[in-house]
Amino acid sequence: MFLLPVQMVGCSHETSAADVVGRLRMPAIMVDACLAQLRAQGVPAVLLSTCHRTELYWWGEDDLSPWFEAQVVSRGGGAVELERREADLAVRHLFSVTAGMRSARFGEPEIMRQVRTAWMAAQLAGTTSTLLDTVFRRALEAARHIRVAIGSDADPSLGARVRDALQARFADAGSATSQPREVLIVGAGDAARGVVETLVQPALRAGMRVAITSRSDTSAARLAATAGAIVVPWADRDEAIRSADAVVFAVQASTPLIDGSLAQTLVDGCASRAFWIDLGVPANVDATALPAQVDCVGIDLLAPQSRRDLARDRRANGALQRELARFAGDMQRRRIGARITVLEARAATVARAALAASTSPSGSDDSADAVARQVTRLLLREIAELSA
């Protein structure tokens with residue numbers, strides 16, 4: 001138990017529709033504006049806003065839920081269910097979110113960067129405090145330890161499932177062609193990386209040629225360099241989608257990249273049916289308005305939640321509990337240290353008063369301080385031994 005005055009209010013894909021939560025995502029300039037308001041109120045706070053969740057963490061006893069609803073939730077234009085956490089439960093929530101345990105893809109490591117970015121933005125805006133900084137620093141440290149129990153990939157089997165889906169598709173289409181199949185990866189984040197690393201394995205190189213495009217050409221080039229893949233500039237994305245044998249969408253975006261009209265444009269004139277795999281959460285492809293020439297597989301069909309590794313979940317929860325216990329122990333030691341300082345000061349005051357009243361010429365402030373420290377530490381050690 002560490003009854004810190006830490007509070008959280010927010011909404012996420014766990015309790016509300018993903019598209020509604022995605023619309024609440026706040027650009028950096030809007031986050032800064034909200035933090036400026038909180039700074040004016042003197043409230044230490046961090047505002048985390050991603051495609052999947054928007055949450056406010058703050059230090060203090062005031063209830064900022066009405067402010068959050070007025071400044072953040074009202075922008076979405078849809079019904080959201082707010083989550084509210086206080087004290088131990090708020091800390092536990094932050095630790096589990098930072099570790100990716102509350103992500104749409106269990107163990108998604110990208111959330112660690114997003115939490116760190118939100119914390120740094122709050123520091124630059126002057127809306128953190130020493131104790132709130134401690135909570136976020138420990139959340140990031142704990143996340144690294146918990147991820148060892150989860151595994152290094154967002155979903156260790158996701159790349160393999162994409163590979164299997166592509167191989168099944170190409171087998172159904174026949175193997176008469178001697179040319180390698182063209183596979184385009186749209187995105188350069190963790191999900192895209194896991195797919196690319198699987199598809200460029202030596203056994204698959206002869207049958208598939210992998211290309212990567214991303215909204216950041218630099219990120220695409222960096223991922224391509226590590227995997228020996230081809231880089232497609234973002235400006236040439238549509239033509240690359242049109243000519244590819246299969247496309248894997250893995251972009252973090254609050255709205256679909258491909259709507260019905262764009263999809264129709266991309267497949268017009270193509271001799272064969274398009275095959276798209278959508279790993280986006282929320283979806284990168286608007287599946288409700290796709291033309292008949294497109295076969296699209298979403299992440300829910302490719303990697304349903306029912307197939308999650310329960311043993312991995314147990315390991316992650318065990319690691320989370322250990323990290324929370326460590327944090328509780330550290331906070332208790334900090335409290336004891338602060339208490340020792342107070343007790344020493346009080347004991348020194350009492351000792352000085354006693355020495356001043358004494359007729360002995362040997363008394364001094366230095367000896368009083370030394371006696372007070374010795375007596376205080378001795379008493380605390382005795383109390384600790386009795387409590388053990």
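This note walks through a predicted model point by point.

1. **Ground rules.** Because the model is predicted, local features need pLDDT of at least 70 and side-chain atom pairs count only at pLDDT 80 or more, while totals for chains, interfaces and linings use all residues. Residues are numbered from 1 along each chain as its sequence is written, and side-chain values use heavy atoms, with hydrogens and water left out.

2. Helices (H or I, at least four residues) and strands (E, at least two) are DSSP runs, numbered from the N terminus.

3. **The partners of strand 1.** Two strands pair if DSSP finds at least two bridges between them. Strand 1 pairs with strand 3 (residues 53-59) in the antiparallel sense over 7 bridges. Strand 1 also runs antiparallel to strand 4 (residues 83-86), joined by 4 bridges.

4. **F68.** Is F68 buried or exposed? F68 is buried, with a relative accessible area of 0%, and its place is in helix 3 (residues 65-71). A contact means heavy atoms within 4.5 Å. Leaving out residues up to four places away in sequence, F68 touches V9, G10, L47, T54, E55, L56, V73 and L82. For L47, the separation is 21 residues in sequence and 10.0 Å in space, C-alpha to C-alpha.

5. **The nonpolar cores.** A nonpolar core is a set of buried Ala, Val, Leu, Ile, Met, Phe, Trp, Tyr and Cys residues joined through side-chain atoms within 4.5 Å. The largest one has 58 residues, and those with the most contacts inside it are L47, L56, F68, F95, M101, F136 and I146. Helix 6 (residues 130-150) gives the most to this core, with 10 residues. Another core lies apart from it, with 29 residues, among them V162, I185, F275 and L279. Take a look at F136 too: it touches V46, Y57, L94, V115 and W119, not counting residues up to four places away in sequence.

6. A sheet of 6 strands has the order 7-6-5-8-9-10, with parallel pairing. Strand 7 (230-231) and strand 10 (294-298) stand at the edges with a single partner strand each, so one side of each has no neighbour in the sheet. Strand 6 (residues 208-213) pairs with strand 7 in the parallel sense over 2 bridges, and V231 in strand 7 is the bridge partner of I212.

7. On a 1 Å grid over the protein atoms alone, a cavity is a set of points where a 1.4 Å probe fits but cannot get out; a pocket is an open set with protein on both sides within 12 Å along at least five of seven lines, and lining residues have an atom within 4 Å of a point. Grid points are joined across faces, edges and corners, and a volume is the space filled by probe spheres set on the points. By this rule there is 1 cavity of 30 Å³ or more. The largest cavity has a volume of about 130 Å³. Its lining has 13 residues, and the closest to its centre are H52, S103, E108, Q114 and Q252.

8. **The second largest pocket.** This pocket has a volume of about 500 Å³. Of its 26 lining residues, E110, G187, A188, G189 and D190 are the closest to its centre. Helix 10 (217-227) is one of the helices that each supply at least two lining residues, and helix 10 gives the most, with 4.

9. A87 lies in helix 4 (residues 87-98) and is buried, with a relative accessible area of 17%. Most residues other than glycine have a negative phi. Phi of A87, however, is near 50°, a positive value. A287 lies in the loop between strand 9 (274-278) and strand 10 and is exposed, with a relative accessible area of 54%.

Notes:
Buried means under 20% relative accessible area, exposed over 50%, partly exposed in between (1.4 Å probe, protein chains only).
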